[in-house]
Amino acid sequence: MSGAALGIEIVVVFFLALFLLHRYGDFKKQQRMVLFGTLLAWYLCFLIVFILPLDVSTTIYKQCLIDHEAHAQTASVSPVVSNLTTPNTSISASKNTQRVCYKPWSYIPDGIMPVFWRVVYWTSQCLTWLLLPFMQSYARSGGFSIAGKIKTALIENAIYYGTYLFIFGSLLIYVAVHPQWRLSWYELQTIGITAANTWGLFLLVLLLGYGLVEIPRSYWEASRQGHLLIKTYFKAAKLMTEKADSEENLEDVMEEVRKINESIKYNHPLRKNVDTILRKCPVEYQEKMGRNMDDYEDFDDKHNTYPTERSLSKLHKQVIYAVQRHNRTRVQWQILLEQAFHLEDIAKNETSTSRQFVHSFALPEPVGWFRRYIYTPTVEWYWECLLKQWFYRILSVVLSLFSVAVVWSECTFFSTRPVLSLFAVFIQLAERDYNYLYIEMACFITIFFLCTCVYSTVFRIRVFNYYYLASHHQTDAYSLQFSGMLFCRLTPPLCLNFLGLIHMDSAISHQAKEQTAYTSIMGSMRVLSFIANGFYIYYPMLIVILCIATYFSLGTRCLNLLGFQQFMGDEMTSDLIDEGRELLRRERRKRQRIEDGESRRREWRERYAQRDEIAARNRTSMSEMKETNYGETLNSNTNRQAKYTRSSSQAGRDSIELLQGAEPLDFNAETLTDDPLQSEPGRHAGGRYLSMSSSRNRIFDDV
């Protein structure tokens with residue numbers, strides 16, 4: 001199993017990152033470089049989280065080997081100094097020599113982890129500080145060529161890069177003027193890592209303080225169906241306002257596009273840029289603008305003022321943003337409607353005596369084997385109306401206990417004697433028995449909970465619609481890359497903070513123990529002592545204040561006072577709740593009318609389907625009877641037909657084809673002949689019907 005666990009986790013984490021990117025991104029419409037950069041950033045961050053427990057167990061095993069060798073040397077020296085030692089000391093030494101170090105099942109050989117961490121860390125740092133900001137500006141640029149987009153991205157990132165160069169230069173000067181330090185490549189590397197981790201830890205504590213309270217509270221609120229339904233009404237009112245705003249914004253932008261499309265004709269030098277903008281517009285607007293386009297009018301016949309390429313680039317950027325926002329709000333509205341209708345169905349089914357869950361509308365997907373045999377209406381009723389609430393409450397209590405343990409450990413992790421950090425106590429208890437599986441599971445659960453609190457906050461925050469992660473493939477390129485940047489900046493300090501909680505970071509615990517491979521590539525934080533001994537230890541204590549502020553919803557109250565509508569309960573937001581309830585009632589009536597119309601049409605089709613089949617069979621039998629009777633008549637009059645003239649024979653053939661209901665395919669009366677038998681072989685008679693072999697001269701003579 002040596003190295004097998006590492007390979008398995010590398011593959012599993014890749015598919016996890018790919019699944020999340022598929023949920024939030026759009027593989028069909030978004031640029032390949034945007035998707036690749038975001039996938040790589042998410043993958044590297046998730047990889048650090050999943051591989052770090054293996055590094056911890058491997059480090060504990062190495063520490064066991066070191067301790068075993070130390071005890072063996074002590075035991076070999078003890079007979080020489082037996083007269084100077086007490087019997088109890090020799091017995092303890094003999095017991096220590098009997099300790100056996102078991103190799104963990106996920107042991108990673110020496111030399112692999114340092115190289116692995118070095119590649120992962122520096123790749124993620126290059127992404128977050130260099131490539132992703134550039135790609136972010138490139139994707140958001142409204143340029144029409146690659147060179148124009150690159151130029152815009154460089155200009156936008158000049159201030160961004162200059163700020164970080166200024167911070168790095170300040171730290172560099174601080175180290176250079178210090179008389180005890182000598183600048184080397186290792187110290188420069190440590191300064192860069194310290195600066196990045198300091199920025200990440202500053203943001204990490206803010207997001208973690210919010211998530212530690214909000215995640216348990218969200219599950220507790222999810223167990224209260226009435227409260228959740230009222231909150232959904234509030235969301236519906238806000239989303240409808242945003243949806244109307246996005247539609248109005250799209251109309252304004254499309255009006256500008258229409259004016260430019262009419263002013264710039266087919267032979268204008270900027271016409272190709274206008275065509276690029278039109279391709280980004282919705283299909284219905286493209287068709288509407290295409291009808292009024294006159295391609296035969298030259299652009300220089302009228303002395304009009306034409307837009308510049310810079311103004312077209314700005315309009316191109318506005319079109320991309322307006323279309324993306326309109327599509328996102330439209331999809332979110334449909335998702336919110338389904339959630340609201342489902343919550344209303346739960347409220348109605350709670351008082352049902354049949355104990356079978358009944359949906360107001362038909363399910364959008366066909367019923368599969370899972371719903372037919374396992375998740376039946378009875379099982380669905382018990383889960384939605386009884387078990388789900390208690391499950392969420394128990395989960396909320398468990399997560400609350402985890403949050404309390406994290407807050408306590410963040411405030412006491414610097415104390416090594418006595419050990420006050422709860423996570424350090426758990427790991428040290430498992431370390432005595434060398435229970436590596438327990439150590440890895442405890443590390444993974446702790447890191448996963450911390451990452452959930454931080455990453456869920458990243459997915460929830462919203463900055464004036466410029467940064468917004470929306471599921472169901474509705475996240476734009478700018479938000480995807482911004483999330484990748486945040487992940488790469490938050491994950492390394494989060495892992496360092498976790499290693500400090502379990503006393504595996506010697507820069508904080510100040511213990512002479514074997515370091516993990518992850519902390520070895522971070523360098524010694526003692527180069528900047530005021531950060532290692534001050535900021536890294538005392539700043540995480542701020543999480544207590546942030547948790548208290550989140551518990552009392554101080555941030556939500558401040559936003560509400562500033563004019564940003566936030567959900568504050570039934571009394572504070574009653575107007576928006578009533579508005580959302582009325583909107584959902586209107587949508588329910590609209591959907592009910594649509595389903596009633598479809599059901600009526602289905603009933604009419606089923607009612608008249610049998611009658612149509614009977615009428616079709618009657619018509620078929622009547623036509624067969626006519627053909628049979630007419631054939632018998634022809635057989636009985638065969639001898640008399642020989643006495644008729646050629647004109648009578650022609651009239652008979654015309655009558656047969658008229659009764660058979662043959663439809664002519666081609667007819668030309670200009671070159672009509674009396675009889676096709678008189679025409680030359682191989683030549684086409686102009687008056688012939690191509691579907692028949694005889695002409696149609698005086699076809700109605702016998703009628």
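## Helix 21 pair

R581 is partly exposed, at 27% relative accessibility (partly exposed lies between buried, under 20% relative accessible area, and exposed, over 50%; 1.4 Å probe, protein chains only). Its salt-bridge partner is D578, at 3.0 Å, N to O (a side-chain nitrogen of Lys or Arg within 4 Å of a carboxyl oxygen of Asp or Glu). D578 is partly exposed as well, at 43%. Both residues sit in helix 21, 3 residues apart, about one turn of the helix (helices are DSSP runs of H or I, at least four residues, numbered from the N terminus).

## Model basis

This is a predicted model: local features need pLDDT of at least 70, side-chain atom pairs count only at pLDDT 80 or more, and totals for chains, interfaces and linings use all residues. Residues are numbered from 1 along each chain as its sequence is written, and side-chain values use heavy atoms, leaving out hydrogens and water.

## Other salt bridges

The structure holds 15 salt bridges. One of them joins R591 and E338 at 2.9 Å, N to O. R591 lies in helix 21 (residues 574-636) and E338 in helix 10 (residues 309-349), so this pair ties together parts 253 residues apart in sequence. E338 is partly exposed, at 40%.

R371 and E380 also pair, at 3.3 Å, N to O. R371 is partly exposed at 29%; E380 is buried at 3%. Salt bridges link E255, R258 and E262 in a network.

## Cysteines

The disulfide count is 0 (a disulfide is a pair of cysteine sulfur atoms within 2.5 Å). C281 is buried, at 5% relative accessibility. C443 is buried too, at 0%.

Technical notes: Helices (H or I, at least four residues) and strands (E, at least two) are DSSP runs, numbered from the N terminus.
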